[in-house]
Amino acid sequence: MNLPNLAQAAAFGRHVVSYSMGVVTALAATHIASPDQAQSAGDAINQISSGIASIVTGVTTLVAFGSAIWATVSAGIKAQIAAVQAHPSAQVTVTDPKLAAGIPGVKLASR
C-alpha cells in the first residue's frame, strides 16, 4: 500500500471540511440546529482544520530538520568508511592513525 502524496492528502482534507460544512448547513436549513449552533459548529470545524494544518506544517518542519541532521551524520568520514566495510569483500585502509584507531577493522597504511 502506498502512502498518499501531499496533493492527495490536501484534497482529502478539503473534502472532509466541505462535507462537514454541508452537514452543518443541512442541519441549519432543516431547523434541526439553530443559526447560532450552526455558526458555532462552522467555527469549530474551521479551528480544527487550521489546527491540523498547523500540526502538519510543524511535523514537516521537524522531518526536514531530522533529515538534515541525518544527512550530516551519514556524510561523515567514519560513517562512509563503515558503509564501505559493510560490503563483504571491502577492505578499508587509511593513512591517518587517529582515524584508524577510531574505527574497528580499518587497517593503517604506511606512508
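Before counting anything, a word on terms: helices (H or I, at least four residues) and strands (E, at least two) are DSSP runs, numbered from the N terminus. By that count, the protein chain has 4 helices and 2 strands, and along the sequence they come in the order α-α-α-β-α-β. Keep in mind that this is a predicted model, where local features need pLDDT of at least 70 and side-chain atom pairs count only at pLDDT 80 or more, while totals for chains, interfaces and linings use all residues. Residues are numbered from 1 along each chain as its sequence is written, and side-chain values use heavy atoms, with hydrogens and water left out.

Start with the whole chain. Its C-alpha trace spans about 90 × 25 × 15 Å along the principal axes. The radius of gyration (taken over C-alpha atoms) is compared with a globule rule of 2.2 Å times the number of residues to the power 0.38. The protein chain has 28 Å, whereas a compact globule of 111 residues would have a value near 13 Å. Of those 111 residues, 11% count as buried. Here buried means under 20% relative accessible area, exposed over 50%, and partly exposed in between (1.4 Å probe, protein chains only).

Now select residues 6-29, which is helix α1. With 24 residues, α1 reaches 34 Å from its first C-alpha to its last, close to the 34 Å expected at 1.5 Å a residue; the expected span is 1.5 Å times one less than the number of residues. Zoom in on the start of α1: a side-chain oxygen of N5 comes to within 3.1 Å of the backbone nitrogen of A7.

Next, pick L27, which is in α1. L27 counts as partly exposed because its relative accessibility is 33%.

Step on to H31, in the loop between α1 and α2. What is the phi of H31, which is not a glycine? It is positive, about 60 degrees. H31 is also exposed, because its relative accessible area is 72%.

Move to L62 in helix α2 (residues 35-74). L62 is exposed, at 62% relative accessible area. Draw a distance from L62 to A38: the two are 24 residues apart along the chain, and their C-alpha atoms are separated by 36 Å.

Last stop: T95, in the loop between β1 (93-94) and α4 (97-102). T95 is partly exposed, at 44% relative accessibility. From T95 to A38 is 57 residues in sequence and 74 Å in space, C-alpha to C-alpha.

Notes:
A polar contact is a pair of N or O atoms within 3.5 Å; within protein, one must be able to donate a hydrogen and the other to accept it, and residues adjacent in sequence count only if both atoms are side-chain atoms.
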